[in-house]
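Morning, everyone. Let me walk you through one chain. Please look at the sequence and the model first.

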Amino acid sequence: MHILTMVFLAGAAFVPSGIAQENSNPAVVHEEPARAVRVEATVDAPVSKVWRLWTTSQGAEEFFAQQANIQLAIGGPYEIQFDPKDETSGTKGLKILSYAPEEMISFQWNAPTEYPEVRNGGTWVVVQIHPEGADRTRVTITHLGWKQGPQWDQAYAHFIQGWGGLMKRLERRCTEGPIDWNKERMMYQDAKERKR
């Protein structure tokens, strides 16, 4: 027993000082919480319907954008085409990162071409769904991976508006049916008109 005590004490003497400092002073390891765009709403649809809308090409085309290419698999495409005539207006090449059936899906995301740092900056989106009764579902969209800088700040403001607008379209899809893309204005259309 005496030998085990000596071995333990000898080992304790060799604990690196940085570890001891972190344990004795937790303030050293605190960081500011990461920035995230988060939008939540309860929609009038069962979880199975909401899951289909987020995880199939046809479902996404009913509320997200005119064209979609989604293949539900880790590494499968999660491509949303906002302007069918302009490939750069979408998420071509982006992939599904993870999913839990009828609970959560996460996927890579980019930004409009006017924010090149953010477009290539590696952000991602997590969509969580949770039943609230038989025919209602709580949906939470969280856009993560934000960095600092002027373009990042501008894109952050853009996506606060963008994800909020998308959630409103999702709510309308669940109550009124698929979005009529001949009547719906998208953010890219407003941005193009402002540039003229």
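I'll start with the overall layout, then go to the strands, the rings and the surface.

This is a predicted model, where local features need pLDDT of at least 70, side-chain atom pairs count only at pLDDT 80 or more, and totals for chains, interfaces and linings use all residues. Residues are numbered from 1 along each chain as its sequence is written, and side-chain values use heavy atoms, with hydrogens and water left out.

Layout first. The chain has 7 helices and 7 strands. Both are DSSP runs numbered from the N terminus: helices are H or I with at least four residues, strands are E with at least two. Along the sequence the pattern reads α-α-β-α-α-β-β-β-β-α-β-β-α-α. Of the 196 residues, 40% count as buried. Buried means under 20% relative accessible area, exposed over 50%, partly exposed in between, with a 1.4 Å probe and protein chains only.

Now strand 2, residues 67-70. A68 and I70 make its covered face; Q67 and N69 make the uncovered one. Two strands pair if DSSP finds at least two bridges between them. In this pairing, I70 stands opposite Y78.

On to the rings. The whole structure holds 15 aromatic pairs. Rings of Phe, Tyr and Trp (its six-membered ring) pair if their centres lie within 6.5 Å; planes under 30 degrees apart are stacked, over 60 edge-to-face, the rest tilted. Take F63 and F64: their centres are 5.5 Å apart and their planes at 40°, so this pair is tilted. F64 and W109 have centres 5.8 Å apart and planes at 25°, so they are stacked. F64 and W109 are both buried.

These rings belong to one aromatic cluster, whose members include F63, F64, Y78, W109 and Y156. What lies over the face of Y156? R35 does, at 4.7 Å from the ring centre. The test is NZ of Lys or CZ of Arg within 6 Å of the ring centre and within 35 degrees of the ring normal.

Last, the surface. I74 lies in the loop between strand 2 and strand 3. Buried or exposed? I74 counts as exposed, because its relative accessibility is 58%.
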